[in-house]
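Please keep the sequence and the coordinates at hand while reading.

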Amino acid sequence: MASVSVCQYRPGGFSFENCKRNALLEADINKLGFSSPAARKTGTTICGVVYKDGVVLGADTRATEGMVVADKNCSKIHYISPNIYCCGAGTAADTEMTTQIISSNLELHSLSTGRLPRVTTANRMLKQMLFRYQGYIGAALVLGGVDCNGPHLYSIYPHGSTDKLPYVTMGSGSLAAMAVFEDRYRPNMEEEEAKRLVRDAIAAGIFNDLGSGSNIDLCVITKGNVDYLRPHDMANKKGVREDKVYGRPVTGSYRYKHGTTGVLTKAVTPLNLEVVEESVQTMDTS
Amino acid sequence: MFISQNFEMDSFSQNPEFTIHSFFTFLDTTIMAVEFEGGVVIGADSRTTTGAYIANRVTDKLTPIHERIFCCRSGSAADTQAIADAVTYQLGFHSIELDEAPLVQTAASLFREMCYRYREELMAGIIVAGWDPRRGGQVYTVPVGGMMTRQPVSVGGSGSSYIYGYVDSNYRAGMSKEECLKFTAEALTLAMERDGSSGGVVRLAVISEQGVERQVILGNQLPKFSTV
């Protein structure tokens, strides 16, 4: 049966219709007393610093789902290209996928131009994508790398604005980390000093922010070389239970020694059982 | 043209979706541009905020659009950066087609087109200023909503409310370049003193036939007014 359908011209651009619907659904669910599943977030401390020969990026390794730690050792420093790495804070899936998409596009671009990709190119691709999604992609990034024009460091916000600075911090622990940077940053530091500064900034986030924790990962990018130090510092090693107490092994053993409970009487009653039926079921071992 | 920019900003933040917890970086700001004989002087503060945290205390809000055309950005950082990038591309293309330097009015029109067309989605207050061979130094203001008008002196951003009186009483037509620089620096300093969303350093630029000269006035070098 033929039916006439009117072709409705859709204006270009992403449609945010469902976002309003989702907000209404969220409100309805909350009214009933339930809560929608929490997205896994990397409530986080990430930071970066430009030093004499390149950039140092740092990140903690805790991923949270609401108030529970979902991953104690996740990797927040993502690969973009051989000379560019990106730390991600915000919704874990968003940062992961966004950096992978841009990494893939940047590799194609690099093959097309025949040159090593520039950090400003990655920055522009990321900011244009995030702006297109008007902040609904919750990815706050610290992008750093070294290209033909030297070392560069950018911070990229979920709505698509970027800042090019010598030192940046992002995430829930960013205020703690920025306090360390504002105190001790100097231009043209040596590598060891820069690594120590970033390590201390992340540590400040880990120990003062509930959303950050576990270990400290570093990524040192210089011209022609990348040191991905994971983990650089295991700031929160899990404690080990004591091995022996009074000479006896304690770990996992809750057996009391024989004679702890006194036996008063002992009676043995044999149970005479009759075999009624016996059947054999062969196992299928084909 | 007394559109209360503050009112728009407030209703924006009271909307339950846009709480302080969301990563909305704003250039709540003070920007200014003044025409003089032979060019323009533009100036801005350097603060970008996300809620009560200063995300960048050394922002450069004076963005080059073309060789002798700049724009001063206020409002949402993401929106103004995206608009400025788009207009830079369009103006560059137009300039190559024409094979001559573009007019400042063209740049302002491009900004107005974009700001008016997407006025519901955008939050951008922009001052376009520059020099072209045909009409000399010009300042065009494109506030939130997408209006465009040429003015000899224009201020914008949340801090502008505090300096309308100062600007209106101290501006004279026919000031020299040095007088304009002093006027702009003092106006911006006064705004930064009173507006919480403005601060940092004062960035100035002079655009004329000779090109662009940029300068930065650091916090301790700002002109001093009262000692309260």
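Predicted model: local features only at pLDDT ≥ 70, side-chain atom pairs only at ≥ 80, totals over all residues.

In chain A, Gln134(A) is found in the loop that runs between H3 and strand E8 (139-147), and although Gln134(A) is not a glycine, this residue has a positive phi of about 50°.

**Backbone features in chain A**

- A cis peptide bond, with omega at about -5°, joins Arg230(A) and Pro231(A), and Pro231(A) belongs to strand E13 of chain A, which covers residues 225-233.
- Strand E4 (residues 63-65) and strand E5 (residues 68-71) of chain A run antiparallel and are joined by three bridges, with Glu65(A) standing opposite Val68(A) of E5(A).
- The hairpin made by E4(A) and E5(A) has two residues between its strands, and within this hairpin Gly66(A) takes a positive phi near 70°.

**The five-stranded sheet of chain A**

- Five strands of chain A form an open sheet with antiparallel pairing, and their order is E11-E2-E3-E12-E13.
- The edges of this sheet are strand E11 (167-170) and E13 of chain A, each of which pairs on one side only, while neighbouring strands are turned against each other by 10° on average, direction ignored.
- Within the sheet, strand E3 (residues 54-59) and strand E12 (residues 216-222) of chain A pair in the antiparallel sense over six bridges, and the bridge partner of Val56(A) in E12(A) is Val220(A).
- Helix H4 (residues 174-184) of chain A lies across strand E2 (46-50) and E11 of chain A, and runs at about 160° to E11(A).
- Helix H5 (residues 191-208) of chain A lies across E2, E3, E12 and E13 of chain A, and runs at about 150° to E12(A).

**The five-stranded sheet of chain B**

- In chain B, an open sheet of five strands with antiparallel pairing has the order E11-E2-E3-E12-E13.
- Strand E2 (residues 31-36) of chain B is joined to E11(B) by four bridges, the two strands running antiparallel, and Met32(B) has Val155(B) as its bridge partner in E11(B).
- Helix H5 (residues 177-194) of chain B packs on this sheet, where it touches E2, strand E3 (39-44), E11, strand E12 (202-208) and E13 of chain B, and the direction of the helix makes about 160° with that of E2(B).

**The contact between chain A and chain B**

- Between them, chain A and chain B bury about 1,500 Å², of which 54% is on carbon and sulfur atoms, and the contact takes 19 residues from chain A and 18 residues from chain B.
- On the chain A side, the residues that lose the most area to chain B are Phe131(A), Tyr157(A) and His159(A), which together make up 32% of what that side buries.
- Helix H3 (residues 119-132) of chain A packs against helix H2 (residues 77-98) of chain B at an angle of about 115°, the axes being 11 Å apart, and H3(A) passes H2(B) in a left-handed crossing.
- In this helix pair, Arg124(A), Lys127(A) and Phe131(A) of H3(A) meet Ala78(B), Asp79(B), Gln81(B), Ala82(B) and Asp85(B) of H2(B), and the residues of the contact divide into three nonpolar, one polar and four charged.

**Salt bridges**

- Side chains of opposite charge can pair when their charged atoms come close.
- Over all chains, a search of the whole structure finds 20 salt bridges, and the count between chain A and chain B is three.
- The side chains of Arg57(B) and Glu182(A) meet in a salt bridge, at 2.6 Å from N to O.
- Asp28(A) forms a salt bridge with Lys31(A), the closest N and O atoms being 4.0 Å apart, and both residues lie in helix H1 (residues 17-31) of chain A, three residues apart, or about one turn of the helix.

Note on methods. Residues numbered from 1 in each chain as written. Chains lettered and ligands numbered in written order. Heavy atoms only, no water. Axes fitted to C-alpha atoms, helices over the stretch in contact; angles between N-to-C directions. Left-handed = near helix turned anticlockwise from the far one by under 90°. Contact = heavy atoms within 4.5 Å. Nonpolar A, V, L, I, M, F, W, Y, C, P; charged D, E, K, R; others polar. Pairing = 2+ DSSP bridges. Buried area = accessible area lost by both parts, 1.4 Å probe.
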